[in-house]
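Hi,

Here is the structure I promised to pass on. Have a look at it first, and then read on for what turned up.

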4 protein chains.
Amino acid sequence: MSTIKLGLIGAGRIGRLHAENLVHYVPGAELLWVSDVIEEVAKETAARLEIPYWTTDYREVFDDPKVEAVLICTSTDTHAQIIQAAAAAGKHIFCEKPLALDLVEIEKVLQAVQKAGVLLQVGFHRRFDPHFRRLKELLEAGEIGKPWLLKITSYDPAPPPISYVKVSGGIFLDMTIHDFDMARFLLGDVEEVYAAGAVLVDPEIGKAGDVDTTIVTLKFKSGALGVITNCRKATYGHDQRIEILGEKGGLFAENPLPHATRMANESGYRTPPLHYFFVERYREAYVAEMKAFVEAVRERKEPPVTGLDGKIPVVMGYAAKRSFLERRPVRLSEIDPSLA
Amino acid sequence: MSTIKLGLIGAGRIGRLHAENLVHYVPGAELLWVSDVIEEVAKETAARLEIPYWTTDYREVFDDPKVEAVLICTSTDTHAQIIQAAAAAGKHIFCEKPLALDLVEIEKVLQAVQKAGVLLQVGFHRRFDPHFRRLKELLEAGEIGKPWLLKITSYDPAPPPISYVKVSGGIFLDMTIHDFDMARFLLGDVEEVYAAGAVLVDPEIGKAGDVDTTIVTLKFKSGALGVITNCRKATYGHDQRIEILGEKGGLFAENPLPHATRMANESGYRTPPLHYFFVERYREAYVAEMKAFVEAVRERKEPPVTGLDGKIPVVMGYAAKRSFLERRPVRLSEIDPSLA
Amino acid sequence: MSTIKLGLIGAGRIGRLHAENLVHYVPGAELLWVSDVIEEVAKETAARLEIPYWTTDYREVFDDPKVEAVLICTSTDTHAQIIQAAAAAGKHIFCEKPLALDLVEIEKVLQAVQKAGVLLQVGFHRRFDPHFRRLKELLEAGEIGKPWLLKITSYDPAPPPISYVKVSGGIFLDMTIHDFDMARFLLGDVEEVYAAGAVLVDPEIGKAGDVDTTIVTLKFKSGALGVITNCRKATYGHDQRIEILGEKGGLFAENPLPHATRMANESGYRTPPLHYFFVERYREAYVAEMKAFVEAVRERKEPPVTGLDGKIPVVMGYAAKRSFLERRPVRLSEIDPSLA
Amino acid sequence: MSTIKLGLIGAGRIGRLHAENLVHYVPGAELLWVSDVIEEVAKETAARLEIPYWTTDYREVFDDPKVEAVLICTSTDTHAQIIQAAAAAGKHIFCEKPLALDLVEIEKVLQAVQKAGVLLQVGFHRRFDPHFRRLKELLEAGEIGKPWLLKITSYDPAPPPISYVKVSGGIFLDMTIHDFDMARFLLGDVEEVYAAGAVLVDPEIGKAGDVDTTIVTLKFKSGALGVITNCRKATYGHDQRIEILGEKGGLFAENPLPHATRMANESGYRTPPLHYFFVERYREAYVAEMKAFVEAVRERKEPPVTGLDGKIPVVMGYAAKRSFLERRPVRLSEIDPSLA
């Protein structure tokens, strides 16, 4: 098995998470470079994970011919530019979601990647969650026959800072985007969305021009229906469940519990709250995501989450946003005619 | 405790169910009369349950001064007329849902009842389910603070006959109506609905002009959001669950299992399917419903499900129907301006 | 269906429970008499349940030729004498457990019953619990093949008064006796027991000469093993579970929950405590027990819990007591050579 | 943080498992040597895990002054000799359970270790399972007050080969030993055991002089009671559960499920079988065990499972064996007077 050499661009929280997973849990991968605009961060990450080289200028990474692939984990507004530079340098690319908030930029990115002939995997980590994968396996094995109705529950334990809310693109592009991807992963493409939303968690979110609690109805091309409920706050943890009703039965992915321990007394039985951070909840998913990327690079095969998979949830996010603002169902083809 | 004497009008499946519950499980109630248009049914029911009098003409029941209250369990199209006759005769009334499919008729009924000064309870039995009541108690006790998001899952085990579908008024008025009532019971009045629907279970349902799988988004007057998912078929039984997310936590009413028994082997663990018929699932609810009606009559107090509670879900059904047909959210006040 | 006429002897807590079940839930049964040594109790019970006759002298019940069967729910020390009187009067008999605490008395009782040719059912209500019956059905259907290991958990919510402990015959004859019967019901006859015990709940129980927490190991004639754990106190309710491991898998009867409702917040998920009183936990079992007795009387067939079924758990109780005192395993045949 | 350099003696299944965990998951540890009597195994393990040195003679490992600690994962009959050699060489020691099957040998080992002043940790991995640790935390936090009754369920998915059964020392020393350790871990020292056993899974096990299904009753020094049920076969996986009943409530460690996925159809709900191999079930425990050993070595502090913790479960195994053979309860002090 050949060892794939990689460079990390952007060593923030998610970048460091991927770096650790690569170093500890992905056999056949070697992280050669870490780049971050903050020198201290780059240096410290390199030292802690025994990464040979560090830099504050990501172009150095692209100039190293030993580097076959890069992980782009910088802020969203820089994704498009760095992807294009990476593609131009012939590096295979893993990029965190979203590719960009601007659909024209995304299109440019996809074309640059295609032209360069490099591989691109987008960071929708939930596809690698073992519970959701098992759901998909059971679905594809025909256990419930044709799927009719998909229900995704996806609550965060607490809202992000208002400063983040303001630049996030709004809840549909920041939070629901993961569920849009999951909906496509499980039941295929969506034709139309209808979005309702409200400010219930925190009025500051409303003042920032966003909502914090939403219900999005989906019509799939297959004729099936779906609904995604999101909320920025659930005191009991990161609530992530999926149900599918089909002609032969139902499939349910429940929340995995941190501890299989119950306590009982006069007040009843108590089980622990859910994992609080997505990092804990999706620990295994993040490792599997990196393994899948390294494997795709090694075998020069299409990654399990393609550039198009990165783009369509953004289109869905815009469709949901418009639906919410105009109070009507919106077809994806209104946002991107190529999806008609 | 005085004994309340009652008459049953309509001894079909639901009428006989109420009769049995009254006879066996409601202390302080005596069923004096059973009336059914089919002589054999009236006779047989009277004999089996030791009900003193039977008739094929419900007016005989109204003429008996010993009768204080009647249960109207005839077909929907006869409700309005019989209620008005009962009110004119000064009898207190329990009437199965819906009061009528015509809102003008409902209005007439409510006025007749008010004018006569009799009590009217409408048959939304789910309000009496101990699991849902417990949910409401916990909600009202402030356990989760202000409620933000209500989710009702309500699937039937199998679709009704197509002949029934044709006269049912459509899924929103026949099936969702129970969930509309439950939504009001738990979170109060609704301002606007948006309904999506599809024919997925059986194309015959589509040919009959109806859909079989629906998602209805609700906006409550309080600002909270809600979503009801319905399907005419779930192979694993009568799936009836409710979730409420609120500022301090979540409440979940799961399906009660018919047996607390699990089996394990190489294929995994198995628990039994859900109750199949609503009669079994809501056995306790139906008894509690009758007890509540008899108690209201005895104490001359407002029944727990009033005439207005009977009317509003019908308005919501029409709003959902219009929403589905016109592909837009519809405010209840569009259907009934008095609800503005 | 002929109506079976019955008389109740002893209208204490359990007697009144059976009376109510007979009156409300057992079609084809009529309770003609209630007898209790306390006049007020007999009178009040008769009035409340509309039982035609009451008395303080149970012989009046036996003298009424209309009475076909009697329920003996008096204190344990009177069982033997009353059963023999009932048998002599040709009445079929339901008697609460235990038949007697003295094995010679039990033998006399069984002979009197046999000689009189009347039916005798002993009050082991747990056999009628729907969850445990379901377990037995699955076992008998061969779902787990040959059973190897039975585990019965049986805790009371709180210890009885010390005055009761003193006359109860001790925990093995008062509490474990139900589990001994359940063990026989599920896996057949037992050859040997070993009992360990401790005073952990309340030192007063120790002063009264009893223990409050026990572990009893069983060897079945089939070769299978079993273990019963008992405790006089579990703060979270009446904990009653059974597990069977067999060659093809496992069967588990869990505690049925009073409400299918969960609550979640920062502290985790909470489900309600268990049913507190055996009356609530075994509500359905008590009704089914009465139905089975009335059916046995009507059809003149052997009741589902025979006199021998009433005797053997008492033998097991004595074997456990001796095992505990002599600190060694004890075969049932040491207590009753007829069981060799 | 200093890096601890280690050598592995014995690269069989469990040895390789520890090696992989050290290499991948334990920061601050470096595996310098691998030794195995089979050259190919030593070589291959070194190559795969990039371990610098390999040998077929473990004395080479002891001769390397850079090695601070060794993992002894050879066959049980060699443990005593190798531990003594390691102690003589001044190496800290992690040794798989059991230290030896001969109590005199164990005593020698413990003395050698004490004399040499090296640290010794014994391989009872279950103490590091996060679910059981959580149980202990809740217990120690006083959540259920004083513990009264401990119940350990511990079934293997399938029996080992008969050849292994013959040299294993019997089920009490091979399988129950883990549960004996767990009992001590949770409720402290045990005074007396009573063991029942049967051959139910496979008659070949009986021919090999062993039993395959057992129930062991424990009396703790604290006065509490306990029971361990073992079976060599459970078709649904490695069933490992613990319950503790105490004065204020109950604690329950359930089996963690491999997938939080349920499926429902006409036959009911299905969840996956349990983890089959102990390697999967205790994956996290094995990593934590290595981390704890490395930390103890680094900080020169007593390891969380001491030599005495390694010895006492062997004493308990012999006591259970004698109890089973002599059909009577046996005090630990009968086996080892020092435990009186």
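Let me start with a detail you can look up yourself: which residue in strand 6 of chain D is the bridge partner of D:Phe94? The partner is D:Gln121. Keep in mind as you check that this is a predicted model.

That pair belongs to a wider pattern. Strand 5 of chain D, residues 92-96, is joined to strand 6 of chain D by four bridges, and the two run parallel. Both belong to an open sheet of six strands in chain D, with parallel pairing and the order 3-2-1-4-5-6. At the edges sit strand 3 (53-55) and strand 6 (120-123) of chain D, each of which pairs on one side only. From one strand to the next, the twist averages 20°.

The sheet has a helix against it, too. Helix 12 of chain D (residues 283-299) packs on the sheet and touches strand 1 (4-9), strand 2 (29-35), strand 4 (69-72), strand 5 and strand 6 of chain D. The direction of helix 12 makes about 160° with that of strand 5 of chain D.

Now for chains A and B. The same surface serves both copies, as 100% of the contact residues of chain B recur in chain A.

Cheers

Key: Residues are numbered from 1 along each chain as its sequence is written. Chains are lettered from A and ligands numbered from 1 in the order in which they are written. This is a predicted model: local features need pLDDT of at least 70, side-chain atom pairs count only at pLDDT 80 or more; totals for chains, interfaces and linings use all residues. Side-chain values use heavy atoms; hydrogens and water are left out. Contact means heavy atoms within 4.5 Å. Two strands pair if DSSP finds at least two bridges between them. Axes are lines fitted to C-alpha atoms, for helices over the stretch in contact, and angles run from 0 to 180 degrees between N-to-C directions.
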